[in-house]
Amino acid sequence: MKKKLAAFLMSAVLTVGLLAGCNSASNEETGNNDTAETEAGSGSEKLKVAMCMSHQTNDFQITVTSAAIAKGEELGIEVVVFDGNNDSATQISQIESAVDQGYDGIIFEPINVDAVQNIVDYATQEGVPVINVVGAMTDWEDYVAGYVGGDNVTAGEMEMRKVAELLDGKGNVAILNGPMGSDPQIQRHEGYDIVLAEYPDLVVVNEDDAEWATDKALNIVENWLQSGKDIDAVVCQNDGMAVGAAKAIQDAGLTDVIVTGIDATSDGIDAIKSGAVTGTVSQDAAGQGSLSVETIYKVIKGETLDDKDLRTENIWIDSSNVNDY
Amino acid sequence: MEKVKKPFDKQRFIKEYGIILIFVVLVAVMTILSPNFAQPKNLINILKQTSINGILSLGMMFVIISGGFDLSVGSIVGVSGVAAAYLGMGEYPLIIPLLACIGLGALFGLGNGIGISFGNLPPFIMTLGMMTVLRGLALVISGGQPVTGISGEYVNISSGFLFGIIPYLAVYFVIAIAICAFILTKTVYGRRIYSCGGNMLAARVSGINVKAMQTSVYMIAGIMAGVAGFLLTARTTVGAPTAGEGYEMDAITACVIGGVSMNGGTGKWYGVVVGALIISVIANGLDILGVSSHYQKIIKGIIIIVAVLADVNGKNAR
Amino acid sequence: MSEYILEMKNISKSFSGVKALDNVMLQVKPGEVHALMGENGAGKSTLMKILMGIYSSDGGEIIMNGGKYKANNPKEAMSVGISMIHQELNPILDMPVYENIFVGRELHKGILVDKAAELKEARRLLDDLEISVSPQMMLRNLSVAQCQLIEIIKAISIKAKVIIMDEPTSAITDHEVNVLFSHIESLRKQGTAIIYISHRMEEIFKICDRITVMRDGQYVGTDTVKNLDENKLIKMMVGREITDVFPKLEAEIGEVVLKAKNISRGKRVKDISFDLRRGEILGIAGLVGAGRTELVEGLFGIEKLSAGEIYIHDRKVSIHSPRDAIKHGLALVTEDRKGSGLNLGGTVEDNITTIAIKKLLKGGLVNKSNMRKAADEYIDKLKIKTPSRDQAARNLSGGNQQKIVISKWLLAEPEIIIMDEPTRGIDVGAKRDIYLLMGELVKNGKSVIVISSEIPELMGICDRILVMAEGEMTGALSRGDFSQENIMAYASAIEA
């Protein structure tokens, strides 16, 4: 009995410690305390908006939320970020709590696009406006007030198109995917397919799942380079993998293989600056974040939106403009 | 009066050295399937790819032989990798990030060891908790983003070559193997690790300080993980907080394939080395053949089951 | 200068408020073999564990070799010259013999193990004790008896001043016992004292100088062997007279219930045939390694038979698994209760109700009150000493653990009960309970097969005895023809 009690206490202490750590990290930039009033919508008090993201473990995500928090400050809104830990059930509870605790609005990135219909209905019933950011739930037009996001399909398309241009429409291409079956992976690949259909001389010689990870990408590309096939370009679905691919190419002593990524995270930007990576597509993570807060603000105030579907622009970043980032 | 003969035990020979046989067969098969496999450059790559996970597996070997289990090594790789990246940007001599990784690894290993030997927590639970805490810690200190900008000198630690052909990574691996093999087979300490794993009660009753032994093996695993983290950052040029995810599974797999029993008390260092090589060879071969990495997972799983079956049945067939 | 090398005075120890030892005393002279006797639960183990530093005492003092002594762990005890051979063996199975011998005291040069020296010394010790085992053999491949001999070698090699031997002969043959005794003699001549814990009276009277008796955690008394005899000793241990150590109840012997024909299992069991009658207690004698356990394991379906047929009530049956055996009314109380008889982590109730649980269901579901009743019934019937039915099995003494295993089987109401070394490591009082139980069973029309290495025991309770040697059946005796010499001769495969 004693042992079990000790084990339980230890786990509880560790858990609390971890949560405290995470919480302070996400509130770090703004120095917010969770002591704000929970009264809903009375004009003189600060508005509170919940931002429920799928996870907060990479640069892209952090950029989105940081920009959101900053925009919130401008507009007099307290933006509180929730990390869904890539678990749909966790996210649903977070949204539910936000409604019950009287948040004025909810912005969320669905972890499972088909699992959130009921909880959004609940929020709407309770009079809490909801919009999507970064990714949209299925049939979002019927459920949420708006969608602010990047377009993974056009991002993928832009990346592949640039590669096609650089190769003059001809060459061997290797593709590194994110986790197969995940929405970004599917959508970005859709973009690739559009371009590949237009350029029959672009041949996909290798393709695999590197799970967004730098080290996995490194190993895979390192091995591909020994498979006897020439590779002219490695097209990666994110910058993390692009960095790994670039290192493998560098180690192999090859100098004119094109490596591209998506997301414009700091590791990718640094790699472009050093010349290892050719270019990346920014889906304007910051823009998504701040636009989402602007949009929810409008909805809370009762304004009608001209356009419910708001996409940020994709920007191609390479050595020519990387110093702006 | 019992008279016992000792004939050449063919079964035991196969059991002990069988893993090397399997490795040789595997390499032969891969070579046949793709001639590119046996190219010197590719073989060197395999050495590079095995080194970091191999070092990790050696650390795990100590823990498993002593009767324990460590799920946290992957997270230790992540945290120490991040720390190494911060310290490896050129400001300090490279010995500093290395020592930091070793120190952090020893510290976290100590935490595991104390929880398990003095707190009497089951190893699975303790290291699971540590794994989660450290992953969170890695994310916190890195701000969720990979740490970039390590110095060229640091990168060279993993991409350089000794005498132009032997990758430094392989050299480190060999050094680690030599040290670990020496400790396990030649020292009193190593012998006692087997004793603890073989029968903890007997070891204790024979006067071995079991708690100290347990704590020390987790520290060893932690240190190896720290070194692995240091090297991984050099190899990938970034200190990613998510690095090392799942590495503990590969380390355990290498040990299991290599003949280390999950019950503790048995296992040979060369088995673990071969186990780590087998994992790399499979990944490498499949990549060259263009087979999806998802199949690697299936194959790894099957190998684990087969290896454990062989181990269990070997013990029962008396 | 005290005449004693070891004195334990007024030792007390409680566990969670329950007093296990109450002012116990033990005084041992150098060069003497001092028996420590008492029923299970008397506190002998606890007292020795305090001596070895595994437990700490609540009160009292220990003087070792003239100086005050308190060991906080076994290593300290060993450094002062006290070593112990354990009742429940502690071998490290996947390690070779020579490494086992030197666990915790590895021979070394600096931090390096000196394997050559260990091998040499191990060989010497093995030869001295006439054990024909190579020092590099894995303990997993040795028999129980051999493992026990290795334990003995361990203690001898420590060159201790006081060696505690806890049931050292429970699994070895008579010949090996004699070898051990000759070593005890030479140890004694060197001035080593031996604390000898055993339930085997003949051994005690053969080799010991003085006997200290404990009962229920208290010190009863000490006397020389010359002044004591079996009855006096039993009276001290049990607190009452026991006139017959091997009670034999009258039972009617009826028809043949089990017929084994040409049973073989490879080289271990060769062509054994025998009958078992209703109401009969059939003993199987033999040296360790004769194949007795292998025979009954084959009958019970634990291992495959290579040849032979089994008939129950004249009908041929095929038994491929213990489940089949149980269905045909057989029960097997195995040799190794901790390894294959008990769920050590489970409670007394859990263990007792394991096999016959289907009988205790109500409406198809587990019924707690039925289970409780069953457990209580057998705790009472077999006089199992336990604070409650919810006590974890591992916390009970060997004798009580054995009673639980027997209860488990009896609850399933078998017709034929096979018991393999049922009284090993059990005190006089509990043994008697088990013999009476066997008598009750056959009186009620059941049949019992009992394997034992204690010939007097078999002679005391059996109606017939079969003798096995090296896999074959070498002799069969009925009660009228029982003689220790005959049985020994058959067991050693010598012409009588």
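Reply: The sheet in question is an open one of six strands in chain A, ordered E2-E1-E3-E4-E5-E11 with parallel pairing, where two strands pair if DSSP finds at least two bridges between them, and where helices (H or I, at least four residues) and strands (E, at least two) are DSSP runs numbered from the N terminus. Strand E2 (77-83) and strand E11 (309-311) of chain A stand at the edges with a single partner strand each, so one side of each is left without a neighbour in the sheet. On average, neighbouring strands of this sheet are turned by 20 degrees against each other, direction ignored.

This is a predicted model, in which local features need pLDDT of at least 70 and side-chain atom pairs count only at pLDDT 80 or more, while totals for chains, interfaces and linings use all residues. Residues are numbered from 1 along each chain as its sequence is written, and chains are lettered from A and ligands numbered from 1 in the order in which they are written.

Within the sheet, strand E3 (residues 105-108) and strand E4 (residues 130-133) of chain A pair in the parallel sense over three bridges, and the bridge partner of Ile107(A) in E4(A) is Ile131(A). Helix H2 (residues 59-75) of chain A lies across strand E1 (47-53) and E2 of chain A, at about 160 degrees to E2(A); such angles run from 0 to 180 degrees between N-to-C directions, with axes fitted to C-alpha atoms, for helices over the stretch in contact. Helix H11 (residues 285-300) of chain A lies across E1, E2, E3, E4, strand E5 (146-149) and E11 of chain A, running at about 165 degrees to E5(A).

Elsewhere in chain A, Ala245(A) is in contact (C-beta atoms, placed from the backbone, within 7 Å) with Leu176(A), Ala217(A), Val221(A), Val234(A), Cys236(A) and Val259(A), leaving aside its neighbours within four places in sequence.

As for the chains, A and B share the most contacts of the two pairs of chains in contact, whereas no contact joins chain A and chain C, whose closest C-alpha atoms lie 13 Å apart. Between the other two chains, 24 residues of chain B are in contact with 25 residues of chain C, and the largest share of the side of chain B that touches chain C, six residues, comes from H8(B).
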